[in-house]
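Please read them beside the structure.

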Amino acid sequence: MLDFSSLLLAAALSGTCLSITLLAIWFTTPMARFVLTVACGMLVLVAHVVLFWQYGRDPGPWLCQAVLALLSLGFLIICLSAMQYLGVRHYRSVVLPTVAVMAVCAAVTYFGLDGVGFILTYVAVTALLTVTGVLFWIQGGHDRRILLVVSFLSGTCALSFGLCAVTLAVKGQWVLGVAPDNWAERLNSVVAVACMTGLGALTLSLHHLQAQIELKAETLTDPLTGLMNRRALTSLYGERAFGPFMAIVMFDLDHFKRTNDVFGHPVGDKVLCRFAAVIRKYGRTGVDAFRLGGEEFALVMSRMTEEKAYDFASKIGVAFGAEVVPTPRGPLRSTVSGGIGFGEVGGRSLEDVLAEADRALYAAKNAGRNRVLVLDRASKADAPALRSA
């Protein structure tokens, strides 16, 4: 059976291997910064374990301070990696309290109350692990199974450190002079090794999951405007039935070929991006925007009456007409034509609603452009099926 010292060294070896693996992954995908953060946290904890092992053999006040500081710092970095992965930006909420506890621990340890220093550090680590577990529990939205396991491991590790703090406090061990050694410490060494190994392995799964999400987002996003693309439209609404309070607006920038020919394609790209910006400005819940290709855009609107859909699309057209794009040949104003197709009580397919919007768009262009039109419901069947380029 392994003794306490052997277990610590095994933990250090395990942490080192995990850190090297995570660093290797980060070198291949530098954008995955949270992986680097986890690796750094692991390395700090490895340094803590090695110094704690040395402290058990040759205790000293300065070594004790280093042991406690590294323990708090390591789990602070692990907590920050969780915030980084989940997109939580309030770093100060955990950094400042942890730094304050580290300063207090250094002070009380300097005056000989090393037991108090261990208790405060264990409490700080318990809090950091609890925050990590809670963040993954409430913030995660990708794969709940992985995130719930992370929450469980963080909570279990937090409980083991909490037991260490309670054990020292109950025994009144305010002054130790040596490394603490009790049933809670031995249990914690086993639990911490298991949990941190599990968290390190799950970091690989989270990295893989994030890579899949980013790849999917790239395939569904138009690289120029940042709007969703035609593939995203089919993915989101291809199997959906469009009811009476759903509509699709198709927009087509007027005389866009002339814009490219006269002002150049870079200016044309600016015009496209400017129209996308106008769409975002008027964005609201229940409205999804797509660039279908070239100068063609679409809005899918939910929970909206026909009148409100028409007003909404018209406002976008008017707002875009007021936009000015500076060019070497002078200021450029552009306009856009739009056509709206609607769902119905029995439900309509995406193709049917798009076809209606396309016919209305064709009618808007024939009527002089720079307007949004809705087909007369009675004449839908006779409306032209082609649109102008």
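1. Is H3 largely enclosed by the rest of the structure, or largely open? Of its 26 residues, 19 are buried, so H3 is largely enclosed by the rest of the structure. Buried here means under 20% relative accessible area, exposed means over 50%, and partly exposed lies in between (1.4 Å probe, protein chains only). Helices (H or I, at least four residues) and strands (E, at least two) are DSSP runs, numbered from the N terminus.

2. On the source: this is a predicted model, in which local features need pLDDT of at least 70 and side-chain atom pairs count only at pLDDT 80 or more, while totals for chains, interfaces and linings use all residues. Residues are numbered from 1 along each chain as its sequence is written, and side-chain values use heavy atoms, with hydrogens and water left out.

3. The chain has 12 helices and 6 strands. Of its 389 residues, 48% count as buried. Among contacts (heavy atoms within 4.5 Å) between residues at least 6 apart in sequence, 70% join residues at least 24 apart. The chain exposes about 19,100 Å², of which carbon and sulfur atoms supply 64%; accessible areas come from the Shrake-Rupley method with a 1.4 Å probe, and for residues only the protein chains shown count as cover.

4. The length of H3 (residues 61-86) agrees with expectation: at 1.5 Å a residue its 26 residues should span 38 Å, and its end C-alpha atoms are 38 Å apart. The expected span is 1.5 Å times one less than the number of residues. Gly87 follows H3 and has a positive phi, near 80°.

5. There are 2 cavities of 30 Å³ or more. A cavity is a set of points, on a 1 Å grid over the protein atoms alone, where a 1.4 Å probe fits but cannot get out; lining residues have an atom within 4 Å of a point. Grid points are joined across faces, edges and corners, and a volume is the space filled by probe spheres set on the points. The largest cavity holds about 400 Å³. It is lined by 26 residues, and the closest to its centre are Ala11, His48, Val49, Ala192 and Val193.

6. The lining of the largest cavity takes at least two residues from each of H1 (4-28), H2 (33-57), H3, H5 (114-139) and H7 (183-219). By type, the lining has 19 nonpolar, 6 polar and 1 charged. Ala, Val, Leu, Ile, Met, Phe, Trp, Tyr, Cys and Pro count as nonpolar, Asp, Glu, Lys and Arg as charged, and the others, Gly among them, as polar.

7. H11 (306-321) has 16 residues and reaches 23 Å from first C-alpha to last, close to the 22 Å expected. Its buried residues include Phe312, Ile316 and Phe320. Their cover includes E2, H10, E3, E4, E5 and E6.

8. Val324 is in the loop between H11 and E5 (336-342) and is partly exposed, at 32% relative accessible area. Not counting residues up to four places away in sequence, Val324 touches Arg274, Pro331, Leu332 and Arg333. Val324 and Val271 are 53 residues apart in sequence and 9.0 Å apart in space, C-alpha to C-alpha.

9. Two backbone angles deserve a look. Most residues other than glycine have a negative phi. His255, in the loop between E2 and H9, has a positive phi near 50° and is partly exposed, at 38%. Arg303, in the loop between E4 and H11, has a positive phi near 55° and counts as exposed, at 61% relative accessibility.

Terms used:
On a 1 Å grid over the protein atoms alone, a cavity is a set of points where a 1.4 Å probe fits but cannot get out, and a pocket is an open set with protein on both sides within 12 Å along at least five of seven lines; lining residues have an atom within 4 Å of a point.
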